[in-house]
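Hi everyone, thanks for coming. Let's take a friendly walk through one structure together, so please have a look at the screen.

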Amino acid sequence: MDLATMGIGGIICLSGVYTMTMRTRSPEKFGKLKALKDKYGDSTGLAIHIMAFTVAPIVMGIMLSFAGFNDLSLLEMFKN
């Protein structure tokens with residue numbers, strides 16, 4: 001078990017959950033969400049924001065956590 005990789009994965013996953021929670025409670029705090037909605041329309045801008053700032057971090061966080069659990073080190077991956 002690589003605790004550093006698991007910790008980084010957990011933090012990334014929590015950032016995605018935080019973004020999801022804050023987007024539903026107070027979307028005016030997200031300047032990027034407003035910019036995406038202005039540029040691509042309400043539904044497409046929201047979909048892009050959800051994919052980029054919620055789904056991708058949660059999936060990446062889960063993948064890193066499982067990699068750390070299987071003793072793969074994130075720091076070793078980028079060393080070579």
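I'll go through a helix, a salt bridge, a loop and a surface patch.

First, some housekeeping: this is a predicted model, where local features need pLDDT of at least 70, side-chain atom pairs count only at pLDDT 80 or more, and totals for chains, interfaces and linings use all residues. Residues are numbered from 1 along each chain as its sequence is written, and side-chain values use heavy atoms, with hydrogens and water left out.

Let's begin with helix H1, residues 3–25. Helices here are DSSP runs of H or I with at least four residues, numbered from the N terminus. H1 has 23 residues and reaches 32 Å from its first C-alpha to its last, close to the expected 33 Å; that expected span is 1.5 Å times one less than the number of residues.

Which residues of H1 are buried? They are Thr5, Gly9, Cys13, Gly16, Thr19, Met22 and Arg23. Buried means under 20% relative accessible area, exposed means over 50%, and partly exposed is in between, using a 1.4 Å probe and protein chains only. These buried residues pack against helix H2 (31–40), H3 and helix H4 (74–77).

Side chains of opposite charge can pair when their charged atoms come close. A salt bridge is a side-chain nitrogen of Lys or Arg within 4 Å of a carboxyl oxygen of Asp or Glu, and by this rule the count comes to 1. The partners are Asp38 and Lys34, at 3.2 Å from N to O. Because they sit 4 residues apart in helix H2, about one helical turn separates Asp38 and Lys34. Both Asp38 and Lys34 are exposed.

Next, the loop between H3 and H4, where we find Ser73. Is Ser73 buried or exposed? Its relative accessibility is 18%, so Ser73 counts as buried. Leaving out residues up to four places away in sequence, Ser73 touches Asp2 and Thr5, where contact means heavy atoms within 4.5 Å.

With 52% relative accessibility, Asp71 counts as exposed. Its phi is near 65°, a positive value in a residue other than glycine.

Finally, the surface. Met51, Val55, Val59, Met60 and Met63 make a nonpolar patch of about 440 Å². Patches are made of residues with over 30% relative accessible area and no salt bridge; like charges are joined within 9 Å, and nonpolar side chains (Val, Leu, Ile, Met, Phe, Trp, Tyr) within 5 Å. Val59 is found in helix H3, residues 42–69, and at 41% relative accessibility Val59 counts as partly exposed.

Terms used
Accessible areas come from the Shrake-Rupley method with a 1.4 Å probe; for residues, only the protein chains shown count as cover. Helices (H or I, at least four residues) and strands (E, at least two) are DSSP runs, numbered from the N terminus.
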